[in-house]
Amino acid sequence: TLLYDNLRSRNLRPFLDCKNMKPGDKLFDHINSAILTSKVAVTVFSPNYCDSYFCLHELALIMESRKRVIPIFCDIKPSQLDVTIERLTCSDDEIHRFRRALQEAKDIVGLTFDSYRGNLSEVVTIASDVIVERLVELEAEDGNF
């Protein structure tokens with residue numbers, strides 16, 4: 001939420017499900033649409049990230065749509081991330097898809113947040129700056145800047 005608020009204060013239009021969706025909205029429709037229409041994606045990895053079907057689905061869609069990705073690793077190292085979701089929850093094909101996306105995301109230089117150090121405001125500011133830089137780069141590549 002802090003990152004969302006920081007980006008809004010910079011006149012950007014970030015998407016965060018709890019801020020952009022209303023009761024009755026179809027979860028996957030809105031999230032998938034937001035991912036597909038975004039220019040930059042921020043993934044916030046936590047120790048429980050890989051336990052969530054929704055997080056892994058979003059990550060796979062982000063990686064498959066070739067978005068610029070800015071990973072933020074919160075209290076976890078990239079090497080510690082692995083798909084831990086149970087096979088009862090999804091098919092072998094989905095697990096393979098999730099693992100492929102996770103491996104690709106782990107190979108991207110990201111930001112780190114260590115809750116023991118308490119550097120959250122610093123990470124939010126740096127992440128916001130990086131997002132703006134990436135958007136400027138994309139505009140320049142598209143010839144719109």
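Leaving aside its neighbours within four places in sequence, which residues is Arg97 in contact with? The report below takes up this question first and then turns to other parts of the structure, which is a predicted model.

## Arg97 in helix H5

Arg97 belongs to helix H5, which covers residues 92-106. Once neighbours within four places in sequence are set aside, the contacts of Arg97 are His57, Ala60, Leu61 and Glu64. With Glu64 there is also a polar contact, in which the two side chains come to 2.6 Å.

Arg97 has a relative accessibility of 18% and therefore counts as buried, since the cut-off for a buried residue is under 20%.

Arg66 is found in the loop between H4 and S2. Because its relative accessible area is 62%, Arg66 is exposed; the cut-off for this class is over 50%. A polar contact of 2.9 Å joins the side chain of Arg66 to the side chain of Glu104. Arg66 and Leu36 are 30 residues apart along the chain, and 9.6 Å separates their C-alpha atoms.

Glu58 is part of helix H4. Its relative accessibility is 24%, so Glu58 counts as partly exposed. When residues up to four places away in sequence are not counted, Glu58 touches Ile31 and Ile35. Between Glu58 and Asn32 the C-alpha to C-alpha distance is 7.4 Å, although the two are 26 residues apart in sequence.

## Val83 in a loop

Val83 is placed in the loop between S2 and H5. Is Val83 buried or exposed? With a relative accessibility of 6%, Val83 counts as buried.

Not counting residues up to four places away in sequence, Val83 touches Cys50, Leu56, Ile95, Phe98, Arg99 and Leu102.

## Aromatic rings

A pair of aromatic rings is described by how far apart the centres are and by the angle of the planes. How many aromatic pairs does the structure hold? There are six.

Elsewhere, ring pairs join Phe28, Tyr53, Phe54 and Phe98 into a cluster. Phe98 is also among the residues that Val83 touches.

## The largest pocket

Rolling a probe the size of a water molecule over the atoms shows where empty space is left. The largest pocket holds about 1,500 Å³ of space. It is lined by 43 residues, of which Leu7, Pro14, Phe15, Leu16 and Val42 are the closest to its centre. The elements that give two or more residues to the lining are helix H1 (2-9), helix H2 (17-20), helix H3 (27-37), S1, helix H4 (53-64), S2 and helix H6 (120-141).

Which element gives the largest share of the lining of the largest pocket? That share, nine residues, comes from H6. By type, the lining of the largest pocket consists of 31 nonpolar, six polar and six charged residues.

Notes: Residues numbered from 1 in each chain as written. Predicted model: local features only at pLDDT ≥ 70, side-chain atom pairs only at ≥ 80, totals over all residues. Heavy atoms only, no water. Helix = DSSP H or I, 4+ residues; strand = E, 2+ residues; numbered from the N terminus. Buried < 20%, exposed > 50% of the residue type's maximum accessible area, 1.4 Å probe, protein only. Polar contact = N/O pair within 3.5 Å; in protein donor to acceptor, adjacent residues only side chain to side chain. Contact = heavy atoms within 4.5 Å. Phe/Tyr/Trp six-rings, centres within 6.5 Å; stacked < 30°, edge-to-face > 60°. 1 Å grid on protein atoms, 1.4 Å probe; cavity = no way out; pocket = protein on both sides within 12 Å on 5 of 7 lines; lining within 4 Å. Points joined across faces, edges and corners; volume = space filled by probe spheres on them. Nonpolar A, V, L, I, M, F, W, Y, C, P; charged D, E, K, R; others polar.
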